[in-house]
Amino acid sequence: MSAAASIVTAQAFVVLLIAVVAWMMPAMTRPDLYFAVTVAPAFRSTPAGLAILRRYRREVAVHAAIGGALVAGSGLAARPLAAYAGVAWFGAGWFAAFFRARGRVRPHAAPETTVREAATRPRAANLPGGWALQLGPFAALAAAAVYLHGRWQDLPGRFPIHWGFDGRPNGWAVRNAAGVYGPLWIGALVAGSMGLLAWLLSRGTRPIRPGGVAGAAERRFSRGVLGVLVGVEYLIGLTFAGVALLPLRAAGGEAGPPGVAVHLGVSLIFAAAATIFLLRMGQGGTHLAGDAGSEAAGGAPVGDRSPDRCWKAGIFYVNPDDPALFVEKRFGIGYTLNFAHPAAWLLMILLLLVLPAVMFWIAAAGS
Amino acid sequence: MLRIDLGAATPAYEQIANGLRALLVAAAMAPGEQLPTVRQLALDLGVHHNTVAEAYRQLAAEGWLDLRRRRGAIILDRPTPASSPEAVADFARRLEELIAKAIGAGVPRERIAAELETAARHLRKGAES
């Protein structure tokens, strides 16, 4: 499969996967959170609640169809980059559908509960597999470094690192430390960032239900999310270890682009498997616990124990009174930052500015 | 399980101290056990860490906890102090105030009496064991 066809196929898969997730998402949230608004758990089953859901899903289907058509059109017109427009259209359309549904739910919002619960035993904040499992991706990168060091003399003085859609190389690196080991450094930085994220999540997230069936399900969900992050670390480590070995292809006389189908396939299967795994548990493990624990003492809906007013557009959580760095997403699976926490901005700067800058510098030093 | 109400008139640190004290008196936690760290409990309850620290300090001053840096709060084997007439009078006064507050909030007197009888039964059971 050509690189262009791979891109179009991958974008079509992405649109399909996101469409399925978007369709199912309202059913994945906690029973007393409906389109990011705290409601009585029974609201989503009322005629008003069902009407909001039907309208949301109609809008999702329309935007998925338009996005899919754009992707298909880009393939037929042999303009693979236009496939990204299809994904972008669907992403924007999904957000718009969610935002409108949230507006329809807000008049039915339940009063927030001010009750907070906590376990009276210390909580373990370990990563799945402990620190030993964290070493795997870095071991793969280190092994590639040792191998490249041993075959240094076999490496050509100049080798291709980027290819156009026509299969011709259009980016080169030289045989120096940055050019040869650069991908390994980048892989280590990115995998390390995922490890840091997982560690911060394990320590900086507030449980919503600390005890009982709901609490146990919530802990399983949390471990699941951390497990997915560790899986991403491994995927990144192995990917960049493989990328670092590409110069040896050039040494063997192969100048064409490396095959991406296998890597793309593994990545997409991992993404799909992780998505299905988390969707089956439901946000916060709610599908494991059923409706257990959806009400606080006094009968008020618990939601996620954060005020509705602190959720901007239902997506961004900003609460300076909350010491939690991460909270459960209200629409989606997983966690999001408390943007009022100073560490949230440090993390964003690290991941969105410092990390890309260092990666760019490494790449430039080796070209 | 510790439960507080951030919307209640009672300060959060007092609710935390009262809740933990009730668990300690009921022997729900044994001497030598460790409580969550200040940071963890503050995170779980959604309060400032100083709020939890104040509650822990109060309980440490009463002899319930041993606070050590990096070891967290350890539950002590606290001997029951001899009761004083002042403590008994203070308890009676607070109970009267609590009952008056409950009546003012509309709780039926029969219900209040039933709750007091239940509490009395638990107290007698605890005294016997």
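## Strand pairing between the chains

Strand E3 (residues 115–118) of chain A pairs with strand E1 (residues 2–5) of chain B in the antiparallel sense, over four bridges. Pairing here requires at least two bridges found by DSSP; strands are DSSP runs of E with at least two residues, helices are runs of H or I with at least four, and both are numbered from the N terminus. Within this pair, Glu117(A) stands opposite Arg3(B) in E1(B).

This is a predicted model, in which local features need pLDDT of at least 70 and side-chain atom pairs count only at pLDDT 80 or more, while totals for chains, interfaces and linings use all residues. Residues are numbered from 1 along each chain as its sequence is written, with chains lettered from A and ligands numbered from 1 in the order in which they are written.

## The interface

Chain A gives 19 residues to the contact and chain B gives 23, where contact means C-beta atoms, placed from the backbone, within 7 Å. The side of chain A that touches chain B has nine nonpolar, three polar and seven charged residues. Nonpolar covers Ala, Val, Leu, Ile, Met, Phe, Trp, Tyr, Cys and Pro; charged covers Asp, Glu, Lys and Arg; the others, Gly among them, are polar.

## Helix packing in chain A

Helix H4 (residues 130–150) of chain A and helix H5 (residues 177–204) of chain A have axes that come within 10 Å and cross at roughly 175°. H4(A) is therefore roughly antiparallel to H5(A), a term for angles over 145 degrees. Axes are lines fitted to C-alpha atoms, for helices over the stretch in contact, with angles from 0 to 180 degrees between N-to-C directions. The contact of H4(A) with H5(A) has 11 nonpolar, three polar and no charged residues; among them are Phe138(A) and Leu141(A) from H4(A), and Leu184(A) and Ala188(A) from H5(A).

Helix H6 (residues 212–244) of chain A packs against helix H8 (residues 261–281) of chain A at about 175°, with axes 10 Å apart. That angle makes H6(A) roughly antiparallel to H8(A). Residues in this contact include Arg220(A) and Phe221(A) of H6(A) and Phe270(A) and Phe277(A) of H8(A). By class, the contact of H6(A) with H8(A) has nine nonpolar, five polar and one charged.

## Chain B

Chain B has five helices and three strands, in the order β-α-α-α-β-β-α-α from the N terminus. Its C-alpha atoms fill a box of roughly 50 × 35 × 25 Å along the principal axes.

How values were computed
Parallel < 35°, antiparallel > 145°, perpendicular 65-115°, else oblique. Contact = placed C-beta atoms within 7 Å.
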